[in-house]
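Here are my notes on this one, point by point. Have the model open while you read, and tell me where you disagree.

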Amino acid sequence: MAVPARTCGASRPGPARTAFLWHDRGPRPGPGAGRRVARPPRPLSLLLPPLLLLPLLAAPGASAYSFPQQHTMQHWARRLEQEIDGVMRIFGGVQQLREIYKDNRNLFEVQENEPQKLVEKVAGDIESLLDRKVQALKRLADAAENFQKAHRWQDNIKEEDIIYYDAKADAELDDPESEDVEKGSKASTLRLDFIEDSNFKNKVNYSYTAVQIPTDIYKGSTVILNELNWTEALENVFIENRRQDPTLLWQVFGSATGVTRYYPATPWRAPKKIDLYDVRRRPWYIQGASSPKDMVIIVDVSGSVSGLTLKLMKTSVCEMLDTLSDDDYVNVASFNEKAQPVSCFTHLVQANVRNKKVFKEAVQGMVAKGTTGYKAGFEYAFDQLQNSNITRANCNKMIMMFTDGGEDRVQDVFEKYNWPNRTVRVFTFSVGQHNYDVTPLQWMACANKGYYFEIPSIGAIRINTQEYLDVLGRPMVLAGKEAKQVQWTNVYEDALGLGLVVTGTLPVFNLTQDGPGEKKNQLILGVMGIDVALNDIKRLTPNYTLGANGYVFAIDLNGYVLLHPNLKPQTTNFREPVTLDFLDAELEDENKEEIRRSMIDGNKGHKQIRTLVKSLDERYIDEVMRNYTWVPIRSTNYSLGLVLPPYSTFYLQANLSDQILQVKYFEFLLPSSFESEGHVFIAPREYCKDLNASDNNTEFLKNFIELMEKVTPDSKQCNNFLLHNLILDTGITQQLVERVWRDQDLNTYSLLAVFAATDGGITRVFPNKAAEDWTENPEPFNASFYRRSLDNHGYVFKPPHQDALLRPLELENDTVGILVSTAVELSLGGRTLRPAVVGVKLDLEAWAEKFKVLASNRTHQDQPQKQCGPSSHCEMDCDVNNEDLLCVLIDDGGFLVLSNQNHQWDQVGRFFSEVDANLMLALYNNSFYTRKESYDYQAACAPQPPGNLGAAPRGIFVPTIADFLNLAWWTSAAAWSLFQQLLYGLIYHSWFQAEPAEAEGNPEVRESSCVMKQTQYYFGSVNASYNAIIDCGNCSRLFHAQRLTNTNLLFVVAEKPLCSQCEAGRLLQKETHSDGPEQCELVQRPRYRRGPHICFDYNATEDTSDCGRGASFPPSLGVLVSLQLLLLLGLPPRPQPQVHAHASRRL
C-alpha cells in the first residue's frame, strides 16, 4: 500500500472496519498535475480555474482548512472507481460467467435475428389472420343484404311476434326502478344459459345471437320490430362463420336504426347509471358508414338564441363532434352579424380526442347577442372548406348550421360558393321551441344536397345529430360493389369486455327498389363488424428471441400505434378510440418522424439511429443505438416495424438433448436447493398451456415444478424454446454460485447480495435470505435494472425508490440496498450478444461510511488523523469536515446514491433537487445534466372532488305556465320526446344542478384518463472534471463535479450552504398533471398522416329529394296532457312509439 496521504484533524472512532480494494499508484500528484480540464462554454462568473480557487476563503469555523484542490478530488474519484471496479470484478463474476458459457458451448446454439425476414414473416402472419376475418365479413354482409331484400315489411307487427334474446333484459328485470316494460310483457325475450369462455373473457351462448337496443329507442316501434324480424336470419350465418373459423370473436351487425345484433350471445354489460351505448356512435360504425368528412359547424348566437335554446345548441354541437373520427376534420364557429371561431383554431383541424375537447370547452363559452346574419356564417364556412393550404380529409364537405330560425335564404352565397356543382352539403338544424317559419331552413338543406332536422327538446339531440350519416352514405350505396371495401379501425376498448381490439368493417346496403323501374334505394342498412383482439395479433410476434429491449410495433395511417410495448392505457373509455401516436409512444426525434412518414406511405425500410429511450420505471433516459426495420401489412391500412438493439442481433437457443442433464439442472429449481445455491425466481412466462399463472412467484414456481413432474421439456403442449433456455440458464447460474459466490464472504465488503439474471428467465439471488428483500420484477425483460444494464456499458447503480426507504431511526435495525449491475457480453465466433446481467447489492449504511474514507485523506477507517495547527494549512475532506463539506454520488437520472451526511441516508433514491436544490440547479446550468420533457397520454387520474353544494336538489326543466299556453309547445313535441326529455335530463349534467357531495371512498368514483407531464434528467455533454462557483453574493458556494469512469455516477464535492438566500429555484422531476402541449400551437404544425384511400362523396344518380320536411307525428292531445301531468307530478311515464322523420327507413 502506498504511503498514506497527509491528513488533518484529530482521530475519532468509526464503524466496524470493512475491507477496501482501491490502492494508490505511487505518490499523490502535486498541484497542477492531473489531466487537463475541459470546460463547456459558461459565463466567467461561474467558472474559475483551479489556481484561482486556492486563495479563496476557507469555510467559517474551519479557518485551518481550505476547499480541496481539483487534483485532490480527482484522486478521490479514482479511489472510488477502483473500489467499485474491484468489488464488481470479484463478486460480479462477469469474466467467470463468460468462461462458464464457453465451457458449456455444446449446450446451446447461437441464432441470428434477421430483421427483414422477421418483419416480413410477422406481417404475412397478421395479413393471413385478418384475411380470414375479411372473408367472414363478406359472407355476413352479402347475407344481410339478401335477407333484407327478401323481407316483407309488416305494418301490424307486434312485440309478441318477435322472439329474441334481449341482452339488457336480465339487468332490467333486476332493476326495480326500470321503466322499460312491466313484468309479464317480456314473453318475447328468451332466457338463455351461458358458459364461461376465456377467449371472450365472458359468459357466452353459441346457439343464439343477442340484441342490444339503445335506451332512448322504443323497442316496440314498427321499424324496430321489422328490423329484429329480418336480422334474425343472420344467426345461422354467424354460427357457420364460427364453424369455419373457431378463432372468430364478436361478430356484430350495427343497424342504422340503432339495433345491434351480435354473436355469440352474452348479457349486456350494463353500467350502474343510464346506458348510453348506441352502435351508431361507435368508432367502428362511423368509419364503416361513411367516407371521411370535412365539416364546419356554425352556431347562431344572435340575441333571440338564449336560455334553453342556447343550452340545446351547445349540447347539440358536442354531440355532433362525437360523431366524428380521427379521419375527419372540423371547425366550429359562432355567428351573429359576424362570424368567428369559438376556439383558437382558425382552420379545419383533425377531429381527434384532444381537439374535440378544446371545441367542447370553447362552445360552453358562447354568449347570445346581436342579430342573426346567416350570410356571415355561411361565408365563413365556405372559406374554411375552400382553404387548400392545410391538411384535411378532402372527401365529404359539409356545413352544419344550428339556429332558432330566420327569414334569409342567402341564395346569393350558395350561388357564389356552391352552385351548380353543390360539392358542399348543407345540413340545417332548427333548435328549440318557437313559432318561426322553418321554410328557409328547409330550403337551404334541400337546395344543397343536405337535410333539415328539428331539435325541439333535449331528447331529440342524439338521434338528430347522427342521422346525417344516412345522407353521406348515399354515394356509397349507389357505388355498389366498388364501395364494399373492408376497413380496419383504430384501437379501441371493446364494450363487452374483450379489452383492446381493432375491428374490420363492411357497409351493408339496402338493395330494394320501390317498384319496377324505380330508382335504386339509397339507404345504408348498417355496418357489419368483426373484432380482432390485440392479444391475438401480439401472439404472432416473436416474444423472447428479440431480447429485453427488442420489440415489434405497428401503426395505422394516422400514425397511431396498433402494437407497441408502451401501449398501456391505464383507463379506457369505450366511447373513445385509443389514439396513441407513435411519436408519443416513444421519445420523438427527426429520425423517428422520417420512419413514421415512410411507414404511413406504405414503404419498406431500414434505418439505424441513435435515439433516447425511457427506462421501464420512467425515471431515467438512455441514449442508445437502435435498428428500425419496417414493411406494410398488405390488404390493410397498417404498417409493421421491428426494433432491435445491435447486441440483440444474435440470441442463444438451448439444445438440452441430454435428459440426465435436464434433470440435473432442473433440480436447482427446487426450493430445497436454495439454501446452498441461492434463491431462484423464474420469469412468469407461458411455458406450457396447462401451467397455472400466478402473481406470486413462489406459487408460480410451485405450479411449474408440479407440471414438470407430469410433462417433459419436449412436450408438444409446451414451448420448447422457453423451457430449454430456462433450464439451461438454471444450470449456468448455479455454476456461477459454485465457482464464485459460495466461497466469498459478502459481509467483508458490505454486500447484502449478489445476483444474476438471464434472457432465459432466471434470476438467481445469493444468499437465499437476501431473496426476502428482493423487490425487482422476476421477469428480467420487465426489470428496469436488467434493461438499463444491457443498454449501458460499465456499472449501473440503481438506488431504491424513495418511497421504499426506511426512516433514519429504522436504519439501525434494517438494511437498505443499492443495486449495481452490468451486462455480460459474449463474443462467440465473431458474434456478439448479451445474454445475462450480473451484479451486487450494496449495504447503504456501510458503503456510506466507506464512501467517506475513500473521499478523504485517509487510507482506512482506523488510521489516526493528524492535528492541523494554526501554522499549517490543510484541505478539507469528506470525512473529517463533513460538517462543512458536502460529498455525494448522484446517478445519471439525478437521484442521490450516497452521501457523507448521515442525515441524508434516508433520502437516498430521491431526486437530488429535493435534497439540495441550489446545487442541483448549478449542475444542470453547467451542462452536467440535460432535461427531457414529454407527455404521458395514457395516465389515470383520480376524479376532482365535487363542489360542496350542500343538499341542493337536482334541478330539472319543467314547462312553465307560459309553455302550457303556447300552442306551438304542445304541437311540436311527441309523447316519446317527453320521455326522452326526462331520460336525457338524467344524462346531461349541464341540465342539472350538481349532485350533493359524495362520500369519500365511493366505489363508483373511478379514475379517468388524463395527461401527465414527465421530466427526466440524463448526463449532458460534460465528461471532464472541473470546479465552479455558485454565485450568490455572500452566500456563494464552491463545488467540484466529476463523472466516475465506467459507471453512471457523478461525484460532487461542494461547500455546504451558508444561508438560504441562494435558493434560486427548484428543478422538478416528479410527474405532474398537465393539459398537455398547447393544442392551438400543435395544429399549426400537424403531424403527417394519410386518410383512407377510398372516398365516396358524389354520385350523379343520387336522389336528393328526401331532404327533411320537418314532418312529425301528430300526437294525441290527451296523451300529451297526461304525460306532461305525470312529468310534473314526478311519475315515470310509459314510453310511446316514436316515428322518425325518415319514413323511407321502412324500405
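1. First, a word on burial: I call a residue buried under 20% relative accessible area, exposed over 50% and partly exposed in between, using a 1.4 Å probe and protein chains only. By that rule Cys395 counts as buried, because its relative accessibility is 2%. Cys318 also falls in the buried class, at 14% relative accessibility.

2. Some ground rules. This is a predicted model, so local features need pLDDT of at least 70 and side-chain atom pairs count only at pLDDT 80 or more, while totals for chains, interfaces and linings use all residues. Residues are numbered from 1 along each chain as its sequence is written, and side-chain values use heavy atoms, with hydrogens and water left out.

3. On to the cysteines. A disulfide here is a pair of cysteine sulfur atoms within 2.5 Å, and searching the whole structure turns up six of them. Helices (H or I, at least four residues) and strands (E, at least two) are DSSP runs, numbered from the N terminus.

4. What does Cys395 pair with? Its partner is Cys1095, with an S to S distance of 1.8 Å. The torsion about the S-S bond is about 100°, so this disulfide is right-handed. Cys395 sits in the loop between helix 11 (374–386) and strand 12 (396–403), and Cys1095 in the loop between helix 30 and helix 31 (1117–1129), so the link ties together parts that are 700 residues apart in sequence.

5. Cys344 and Cys1080 form another disulfide, S to S 1.6 Å. This link is left-handed, with -80° about the S-S bond. The two ends come from distant parts of the chain: Cys344 is in the loop between strand 10 (339–341) and strand 11 (349–350), Cys1080 is in helix 30 (residues 1079–1082), and they are 736 residues apart. Cys344 counts as partly exposed, at 31% relative accessibility.

6. Then there is the disulfide of Cys688 with Cys718, S to S 2.0 Å. It is right-handed, at 100° about the S-S bond.

7. Is Ser694 buried or exposed? Buried, because its relative accessible area is 16%. For polar contacts I take N or O atoms within 3.5 Å; within protein, one must be able to donate a hydrogen and the other to accept it, and residues adjacent in sequence count only if both atoms are side-chain atoms. The Ser694 side chain reaches the backbone nitrogen of Asn696 at 3.2 Å, and a 3.4 Å polar contact joins it to the side chain of Glu699. Leaving aside neighbours within four places in sequence, Ser694 is in contact (heavy atoms within 4.5 Å) with Glu699, Phe700 and Asn703.

8. Last, a helix pair. The axes of helix 2 (residues 70–92) and helix 25 (residues 844–854) come within 9 Å and cross at roughly 140°. That makes helix 2 oblique to helix 25. Axes are lines fitted to C-alpha atoms, for helices over the stretch in contact, with angles from 0 to 180 degrees between N-to-C directions; under 35 degrees counts as roughly parallel, over 145 as roughly antiparallel, 65 to 115 as roughly perpendicular and the rest as oblique. Among the residues that meet are Trp76 and Arg79 in helix 2, and Trp847 and Lys850 in helix 25.
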